[in-house]
Amino acid sequence: MTQTKPNGFPFLWISLLVIILDQVTKYLCVNLIEYGTAGINVLPFFNLVHVYNFGAAFSFLADKSGWQRWFFAVLAIVIAVGFVYILKKTPKTHKWTCLAYALFIGGAVGNLIDRLFLGYVVDFLLFYIKTDSGILAYPAFNVADIAVCVGAFLLVIVSFSAKKTVKGKSEK
């Protein structure tokens with residue numbers, strides 16, 4: 001019988017942590033901040049708000065008839081399952097890569113839960129700049145979105161900094 005090498009499965013606890021943190025913060029947002037208002041002013045450039053995103057990143061396809069809810073839900077499932085599979089194949093010693101995959105999984109599932117149960121994603125972190133002609137705001141986002149972005153950033157960094165070996169299996 002062959003012995004399998006330890007894989008990145010233990011990193012799934014990070015995915016679970018992201019999902020829990022994402023859902024708890026969204027719950028607090030929904031219960032403490034009135035929907036569609038300026039929310040809670042935290043800093044001169046940052047508010048906690050309560051908004052819904054019926055689309056994807058930057059409200060992409062939010063104005064469509066509803067099919068996008070199921071499209072993005074299926075896409076999130078495929079991405080999460082794909083990264084779980086990849087995590088299973090990734091050696092545990094590739095810590096940064098495993099962390100990136102775990103963050104992707106947690107972020108995808110966090111927003112998937114909203115899409116399936118609510119029909120939209122709850123966003124609450126809003127950064128903006130006040131100008132003479134009005135307010136320039138970055139689209140509101142949430143903890144799941146942060147996890148996906150950090151996961152993507154880590155994968156880019158790992159891909160540029162990985163030591164190449166003859167077998168191509170080494171990672172910094």
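**Close-up views of a predicted model**

**View 1. Glycine 119 and helix α3.** Just after α3, glycine 119 adopts a positive phi of about 90 degrees. Helix α3 covers residues 95-118, 24 residues in total, and spans 34 Å from its first C-alpha to its last, close to the 34 Å expected at 1.5 Å a residue (the expected span is 1.5 Å times one less than the number of residues). Helices (H or I, at least four residues) and strands (E, at least two) are DSSP runs, numbered from the N terminus. The model is predicted: local features need pLDDT of at least 70, side-chain atom pairs count only at pLDDT 80 or more, and totals for chains, interfaces and linings use all residues. Residues are numbered from 1 along each chain as its sequence is written, and side-chain values use heavy atoms, with hydrogens and water left out.

**View 2. Packing of helices α1 and α4.** Helix α1 (residues 12-32) packs on helix α4 (residues 143-161) at about 145 degrees, and their axes are 8 Å apart (axes are lines fitted to C-alpha atoms over the stretch in contact; angles run from 0 to 180 degrees between N-to-C directions). Val18, Leu21, Asp22 and Thr25 of α1 are in contact with Val143, Ala144 and Ala147 of α4 (heavy atoms within 4.5 Å).

View 3. Strand β2 (residues 46-53) runs antiparallel to strand β3 (residues 121-131), joined by six bridges; strands pair if DSSP finds at least two bridges between them. Leucine 48 has leucine 125 in β3 as its bridge partner. Strand β4 (residues 134-137) pairs with β3, also antiparallel, over four bridges. Threonine 131 lies opposite glycine 134 in β4, and a hairpin of two residues links β3 to β4.
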